[in-house]
Amino acid sequence: RGNISRILPAQCDAVIFKKTWTTPPIFRLMQKMGKVPDAEMYRTFNMGIGMVVAVSPKDSARFEKHLTRKKEKFFIIGEAARGQGRVRWV
């Protein structure tokens, strides 16, 4: 299982929107040089997303405010959906 899927309950998928952040160039270079398929790059490296925090919708505004106050860079990269414990990159 990939990195993000480790935090998912069995009946929940993570739907990750690839266009919500800019992939650091090093990942594209690694992909090109190693001829690594997109799916493997996202599964193994999360394409530059260093840490994923799952926050309930009711707490998200408060969490975003906290990160902003701390001057932490963050992206809202996806959402939870009914599923089978998979990560869906769209």
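Of the 90 residues of the chain, 23% count as buried, where buried means under 20% relative accessible area, exposed means over 50% and partly exposed lies in between, with a 1.4 Å probe and protein chains only. This is a predicted model, in which local features need pLDDT of at least 70 and side-chain atom pairs count only at pLDDT 80 or more, while totals for chains, interfaces and linings use all residues. Residues are numbered from 1 along each chain as its sequence is written, and side-chain values use heavy atoms, with hydrogens and water left out.

**Overall layout**

- The secondary structure of the chain comes to three helices and three strands, where helices (H or I, at least four residues) and strands (E, at least two) are DSSP runs numbered from the N terminus.
- Read from the N terminus on, the elements follow the order β-α-α-α-β-β, and the C-alpha trace spans about 40 × 35 × 20 Å along its principal axes.
- Among contacts between residues at least 6 apart in sequence, 73% join residues at least 24 apart, a contact being heavy atoms within 4.5 Å.

**The nonpolar core**

- The largest nonpolar core has twelve residues in all, namely Ile-4, Leu-8, Cys-12, Ala-14, Ile-16, Trp-21, Phe-27, Met-41, Tyr-42, Met-47, Ile-49 and Ile-77; such a core is a set of buried Ala, Val, Leu, Ile, Met, Phe, Trp, Tyr and Cys residues joined through side-chain atoms within 4.5 Å.
- The elements that give two or more residues to this core are β1 (12-16) and α2, and the largest share, three residues, comes from β1.
- In soluble globular proteins, nonpolar side chains tend to be buried together.
- Ala-14, one of the core residues, touches Ile-4, Leu-8, Glu-79, Arg-86, Val-87 and Arg-88 when residues up to four places away in sequence are not counted.

**The pairing of α1 and α2**

- Helix α1 (residues 25-34) and helix α2 (residues 38-45) pack at an angle of about 130°, with their axes 11 Å apart; the axes are lines fitted to C-alpha atoms, for helices over the stretch in contact, and angles run from 0 to 180 degrees between N-to-C directions.
- That angle makes α1 oblique to α2, because angles under 35 degrees count as roughly parallel, over 145 as roughly antiparallel, 65 to 115 as roughly perpendicular and the rest as oblique.
- On the α1 side, Phe-27, Arg-28, Met-30 and Gln-31 meet Asp-38, Met-41, Tyr-42 and Phe-45 of α2.
- The residues of this contact divide into five nonpolar, one polar and two charged, where Ala, Val, Leu, Ile, Met, Phe, Trp, Tyr, Cys and Pro count as nonpolar, Asp, Glu, Lys and Arg as charged, and the others, Gly among them, as polar.

**Residues outside the helices and strands**

- Ser-5 is found in the segment before β1 and counts as buried at 5% relative accessibility; it touches Gly-85 and Val-87, leaving aside residues up to four places away in sequence.
- Thr-23 lies in the loop between β1 and α1 and counts as buried at 16% relative accessibility; with residues up to four places away in sequence again not counted, Thr-23 touches Arg-28 and Met-47.
- Met-47, in the loop between α2 and α3 (57-69), is buried with a relative accessible area of 0%, and its phi is near 50°, a positive value in a residue other than glycine.
- Lys-71, in the loop between α3 and β2 (78-82), is exposed with a relative accessible area of 75%, and the phi of Lys-71 is near 60°, a positive value in a residue other than glycine.
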